[in-house]
Each structure stands twice: as C-alpha cells, then as structure tokens.
Amino acid sequence: MRIRIFEDAGRLAEAAAREVESWVRLTAPGVTIGLAGGTTPQATYRLLRKVRLPWPEVGAWLTDERHVPITDPASNAGMARRALFDHVPATLHTVPWDPDPVAAAAAYEVQLGTVLDRTSAGLKPDLVLLGVGEDGHTASLFPGTASLEVTDHDFVATWVPQVESWRLTATVPLLCRARRTVFLVSGAHKARIVADIIEGDGDHPAAVVSRDSKDAVWLLDRAAASLLSQV
Ligand code: 6PG
C-alpha cells in the first residue's frame, strides 16, 4: 500500500487525473477504468476533460451504482457523464436499468465480461478508482452486508440498511484483481477512517480491498491524512 499526501482537494484531484492520464498512455488501446462514485472523484473527472488522451480507446465502467435510472441525480453514471463522459469520446459502460436490482447487476456482470480482460483468474480490470466512506465502505461494499462475502460473482446487488436502498456493486474478488487500485480520499471528516484503515488492523471493506489488491495507492489530501501518525 503506497500513500501520497497532497496539500488540498484541488491538488489531490490533479494527482488523480495524472494517475489516470499516465495509466491510459501506458495501457491503451483497450484500457479500462473502473470509476468511483460519490463526490470526491468529480473534480478529477472534470480535470480529465482537458487532457489529450486516446479517448476512443478507453472503456470506463462503474464500480458501483445506486439502484436508480441514469437520469436520477443520485446515479453515479449520470454524474460521470456530466463530469467527463459527455465531453470526451470514451465509452462509458453504464448499468442497465431494471426494476429488479438483482437482474440489473446480473446484466451488468455479463456486460463487464465483454469489457474487461478475461484471465484464468477471472475478469481483470486495469485501473480502478475507489472512494471510501466514513464507515470504511468502498464501492457499495458496506460493512456487514452480504456483498462482502460474495466470491463467485464479479458484480452483485445488495440491500444496504445503512442507506436503506439497494446498491449494485463490484465484489471484492473483482476489485482485488485490478492491475492498479487508487483510493481517493479528501476531507477532515475522513481522517478517522483513513487512520483506522492505514494504521489499524480493521477489516473495513476498503481495508480488505486495499490489502488484497496487487497495487494499491492511497491519494489523500492533508485533511484526510491528518490523523496518520507516521506522516
Ligand atoms: C457511492 C460510492 C461510494 C463513495 C464513498 C465516498 O456510490 O457513493 O461509490 O463508495 O466512493 O461513499 O463518497 P464521497 O466521495 O462522496 O465522500
């Protein structure tokens, strides 16, 4: 696990954009990027609008999605489109809407099979961007939910009591097969969970994914890193 700390959220976003840029330059054509949802990555996605990359060779997918149509303001795909994918000629693979969340997740899992590299170990993402919640969730892998225990699927639907809604999420096995995993965490309100994950021995979902990933890097702003003792 590597840790890089930046002065503020703006510099964190710039560093994350450089991570994506360098990975795409290194890996295209056919490079895939797993997108984090939520608010933190939006500044990074907006910065990437201005970066000259072989966007037609880039395939992006969602590491998680809320169980809402893409037109809903809560949709991660809708957010990614507004922030970046309406502005560059890359392909954003969105979760098909189905009133049955289990059917939607199953359909997306099949779709990911046509997007991601397939190896003997299973589907292998290139670069995955992830956020972390204050409870240590990542993607929509929330503490205590059934999705954390799934080992025979790459993408599943799960009822999340913490948000009282269905969520669709990449599973631990899929996320941990990524060639590189970048956690983006910003803000003092995340300092406690960042310290617990990085310096503790907790089994928060984000800690499990980070520990079991091949190449995990944490990009933090100073506020989110403020409770780390060894920085
Ligand atoms: C989502 C995300 C989720 C997010 C964290 C952090 O669908 O909300 O995938 O895992 O990354 O909750 O969210 P913020 O960046 O908004 O703090």
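Predicted model: local features only at pLDDT ≥ 70, side-chain atom pairs only at ≥ 80, totals over all residues.
Q: Which residues is Pro205 in contact with, leaving aside its neighbours within four places in sequence?

A: Its contacts are Gly136, His137, Thr138, Leu141, Phe142, Pro143 and Leu148. For a sense of scale, the C-alpha atoms of Pro205 and Arg18 are separated by 26 Å, and these two residues are 187 apart along the chain.

Q: How many residues of helix α7 are buried?

A: An α-helix has 3.6 residues a turn, so residues three or four places apart point the same way. Helix α7 covers residues 205–212 and is mostly covered, with six of its eight residues buried. These are Pro205, Ala206, Ala207, Val208, Val209 and Ser210.

Q: What do the buried residues of α7 pack against?

A: They pack against β8, α5 (172–176), β11 (180–185), α6 (191–199) and β12 (216–221). Helix α6 has buried residues of its own, namely Ala191, Ile193, Val194, Ala195, Ile197 and Ile198. The cover over those residues includes β1 (2–6), β11, α7 and β12.

Q: Where do the side chains of a strand point, and which way do those of β11 point?

A: In a regular strand the side chains alternate between the two faces of the sheet. In β11, Arg180, Val182 and Leu184 point one way, while Thr181, Phe183 and Val185 point the other way, and all are buried. Since six of the six residues of β11 are buried, this strand is largely enclosed by the rest of the structure.

Q: Which way do the residues of β8 point?

A: Leu127 and Leu129 point one way from β8, and Val128 and Leu130 the other way; all are buried.

Q: Which strands pair with β11, and in what sense, parallel or antiparallel?

A: Strand β11 runs parallel to β8, to which four bridges join it. It also runs parallel to β12, through five bridges.

Q: How many bridges join β8 to β2?

A: Strand β2 (residues 31–35) and β8 pair in the parallel sense over two bridges. Gly34 has Val128 as its bridge partner in β8.

Q: How is the pairing of β9 and β10 to be read, as parallel or antiparallel?

A: These strands run antiparallel, and six bridges join β9 to β10 (residues 165–170). One of the paired positions is Ala157, whose partner in β10 is Leu168. Strand β9 (residues 155–160) is mostly covered, as five of its six residues are buried.

Q: Is Ala139 buried or exposed?

A: Ala139 is buried, with a relative accessible area of 10%. Its phi is near 50°, likewise a positive value in a residue other than glycine. Ala139 is found in the loop between β8 (127–130) and β9.

Q: What is the secondary structure of the whole chain, and how compact is the chain?

A: The chain has seven helices and 12 strands. Its radius of gyration is 16 Å, close to the 17 Å that the globule rule gives for 231 residues, so the chain is as compact as a globular protein of that length. The C-alpha atoms fill a box of roughly 45 × 40 × 40 Å along the principal axes. Buried residues make up 55% of the 231 residues.

Q: What share of the contacts join residues at least 24 apart?

A: Among contacts between residues at least 6 apart in sequence, 73% join residues at least 24 apart.

Q: What can be said of the accessible surface and the charges of the chain?

A: The accessible surface comes to about 9,900 Å², of which 51% belongs to carbon and sulfur atoms. The chain has 23 positive and 28 negative charges, and the mean positions of the two sets are 8 Å apart.

Methods
Residues numbered from 1 in each chain as written. Heavy atoms only, no water. Rg over C-alpha atoms; globule rule 2.2 N^0.38 Å. Buried < 20%, exposed > 50% of the residue type's maximum accessible area, 1.4 Å probe, protein only. Contact = heavy atoms within 4.5 Å. Areas by Shrake-Rupley, 256 points an atom, 1.4 Å probe, with all protein chains shown as cover. Lys, Arg positive; Asp, Glu negative; His and termini not counted. Charge placed at Lys NZ, Arg CZ, Asp CG, Glu CD. Pairing = 2+ DSSP bridges.
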